[in-house]
Amino acid sequence: MIRERLATAYNWFDERTAVRSLTRKGLYEAVPVRGAWFYTLGSATLILILLQLVTGIFLTMLYVPSVTEAWASLEYLKQHDAFGSIVRGIHLWSAYVLLFVIGLHMVRTFFSGSYKRPRELNWVTGVGLFVLVLGMAITGAFLPWDQAAYWTAVVVTNIPAYTPFIGSFIRALWRGGDFVGPITLVRTFGIHVWLIPAVLFPLIGAHLALLRKHGEHGSYINYRGAYRAREGVDVPPPPKQRPIEPPYPAVPSEEVWAAPLETEDFYPYQTFKDGLVSALLVVVVFILAVAIGAPLEAIADPSTTNYTPVPEWFYLPLDQLLVLVPQQLIPLILVLPAGGVVLMLLLPFIDRGPERNPFERPAVMVPGAFAVLFVVILTLLGSGRLFNQ
Amino acid sequence: MSGLLAVVAPILHQLAAQLPAQAPQGKNLVAAQAAIGVGFSIHILIAGLVSGAGELGPAIEFLGYMRQRRRYDRLARALGHFMTLYFSVSSTIAILLITVLLVGFWGHFWSTIATIGWWPFFIEAWTFVLQVSLAYLWYYTWDPLRGFKGLHMAIGGLLAVASFLQVYMIDIIASYMMTPTNPQNPLRLALNPTSYPLTVHRTVGNLAYVGFVFAAFSAFKFLRARDAEDRAYYDWAGSFGILWGVSMTLVQPIVGYSYAKEIQLHTYAAWYKMMFGTLSPVFLWQITLLGLMFIVSLVYFTRRLRTDEATGAGLLSLMTIGMVASTVLAAMPYHLSLTYDSVLAAGLNRPFWDGGLINPLGSMIPWKVLALMGYSLLAIAAVIWYLRGLPGVVWGHARRAEQRLLVVMALLTVMMMVTMGFIRENGRAPFLISGEMTIQGQQNTQTTQPTPQPTSVP
């Protein structure tokens, strides 16, 4: 009786919303078997961003973005609200894990050549998301208004000042004057909770829509057999291609890259792997949030003379560069990350050949590998320096 | 025979009478420094190769597996063979150096550093055991584990980790001697200010060094090879070695600069000596040598592509010119005198066009920093262009001149290794441990030895 009524209700709902076909469209997509675990990085990124959103909403219910109340509100959480304290811990640690996972996701996409035609815009939106997540992380670091936050704000808001012609204007606009103060905090809070999310979430939508349009194909790892056949090195077995029919969206761009040799359904195979990796990461975040929590230093004191600022770990490579490079050459050095972002955006339009094998793409792979190597080395050197401050 | 003994015995007896009865503790300082300097240089030149081979070999095997190319496997196996032959040579020299020279000349220093660095030395000893066990296992299971390549590569991976740890442990001691921290805390000891920069510098350096030396070895073998297959293999191995070496070396300007920066922040006297003092001409030679290494590499790249008329040789020539310009900029001395102090003493601290002894173009900031950036960026561009041109190269066609360049490159690398060791060890002088223990008489200038903690009696 109850079952029948529920079925009737579901049919009524489906008739008006087409929920059944939407679910089918969402769950049944052909995804490649080879490299399936690598693809879990994308869904893990999405889950971590959603975790940021949920915990962030909780925090806005208590946090007050003013220089007199910001620190006090978080101190209250720390001292008197165990649940709130854990939520803040999850917000912080999921941001850290998110930066790591989104970085890995980009590296995987880069090395496997997944950004190539027709997925150029997937890559461009992905780069945009990476930059915005970095922006979220750095603006979030200002908000506790403790010593670390204040001095991070001083250093970070000064970086745009090195931009030729308009640098001082941008710094003054962000700071709300010549110095970091109340207006800086309010503006950064606005950027953190409104401006960046307003761009971030539509971009996530676009990224996912493009992913569905072109399918989770395009990576070198999906086509190794086909590649070898083309090179004449190896003769693969006859391809077991799935029929490409709606809702399977793989659009052949070139004969050899039409579809992977072996595919499986998104549900339940890929969703299981995605769920497993995401759940594991969420558990790790929760453990870190409970065991370590989110630190809160003494309230910001611009007049202090004995405080040594320590940068956030994701800021270490740039910080190490700023430490090493003489004052006169800082504008030159800041061109590197800015130029790096521009090059990343242009990558699919520079590397337009059909070749996906990383060993056959030295013109992009070598600079990419060196960029990764330099970031790792600068992080190492920077972390070594932190221990001895 | 008995006649010979009758002649030799009195001479030996006389010689024995001249020798000190006991170890020459703290005496004959110049001889001690020379013997230890030369001994450790020889040790490091072999040990650097062994460590580098332990890291590069497994990486090449993995690369070969990924690319399904047999010659990678052959090169990796050759590196494994080298390790099995030379590990014992390197460790025998090290043991001789410690037990005879260090204990004999600087016994007090050795007992102090062994007490302070007990944990790193303890781990070091075990990483030696691990490294040698894995090296033999990795090399001798090549054929038996042919059907289990994943397992074999995993053994190689462990060997690389053991090789890295072994270098890291000894770097903790070497870096502590330059920038000492609280010796009571093993963690602080391991994280002393120059520990990370030195470890990265040496690890990357060893990887580059083994690439260059194997390129030179391949050059010799290429010149002696008789059949086409061997010529093709050794031509490729030489090219791979120098390409790998340059790819690693181009990271060194930034790592070396970081290392110097930490020395400046924590042992200013040593840094001043290197940059402005008596060691500044040696530092200048070092930075010039780095430029020469890059120039020779770029000339090799250009010539190798030109031999087979592959694309990219023209642009590589232009990059070589850029590299020469960077080297000239880096090689310019700042003070046109042996030390900056002598310029100051003579009251000539002004540009040479004003009658002084200062050359502003030779200053570290910004000119030498720009030259270092030029080294790295041009080398990256050269590596890309060479790789782009490689599909047009036919292995086995190389000329003798290109092989000579590979040998020159290895010699320059050896000179670089010795120069860097000389600068670091002499930068600390007059200390064995910066600010803590002097070379002269091994005097403690501060209490560095851990004091025993009182134990509570129940």
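Biologist: What makes H1(B) lie largely in the open?

Modeller: This is a predicted model, and the label rests on a count of neighbours. A residue is buried if 20 or more other C-beta atoms lie within 10 Å of its own. Of the 17 residues of H1(B), the number that are buried is 0, so the helix lies largely in the open.

Biologist: Where does H1(B) bend?

Modeller: At B:Val8, by about 25°. That angle is taken between axes fitted to the seven residues ending at the bend and the seven starting there. A proline, B:Pro10, follows within four residues.

Biologist: Why are H2(B) and H8(B) called roughly perpendicular?

Modeller: Angles of 65 to 115 degrees count as roughly perpendicular. H2(B), residues 29-67, packs against H8(B) at about 95°, with the axes 8 Å apart. The pair is therefore roughly perpendicular.

Biologist: Which residues meet where H2(B) packs on H8(B)?

Modeller: From H2(B) they include B:Gly48, B:Leu49 and B:Ala53, and from H8(B) they include B:Leu207, B:Tyr209 and B:Val213. By class, the residues of this contact are 7 nonpolar, 5 polar and 1 charged. Gly counts as polar in that tally.

Biologist: Why is B:Thr112 called buried?

Modeller: The cut-off is 20 or more other C-beta atoms within 10 Å. B:Thr112 has 20, so the buried label applies. The residue is found in H4(B), residues 107-116. B:Thr112 and B:Asn444 are 332 residues apart in sequence, yet their C-alpha atoms are 9.7 Å apart in space.

Biologist: How many residues of chain B are in contact with chain A?

Modeller: 21 residues of chain B are in contact with 18 residues of chain A. Contact here requires C-beta atoms within 7 Å. H8(B), H10(B) and H15(B) each give two or more residues to the chain B side, and H15(B) has the largest share, 8 residues. That side has 15 nonpolar, 3 polar and 3 charged residues.

Biologist: What share of chain A is buried?

Modeller: Of its 389 residues, 34% are buried. The secondary structure of chain A comes to 14 helices and 2 strands.

Definitions and conventions. Residues numbered from 1 in each chain as written. Chains lettered and ligands numbered in written order. Predicted model: local features only at pLDDT ≥ 70, side-chain atom pairs only at ≥ 80, totals over all residues. Contact = placed C-beta atoms within 7 Å. Buried ≥ 20, exposed ≤ 12 C-beta atoms within 10 Å, placed from the backbone. Axes fitted to C-alpha atoms, helices over the stretch in contact; angles between N-to-C directions. Parallel < 35°, antiparallel > 145°, perpendicular 65-115°, else oblique.
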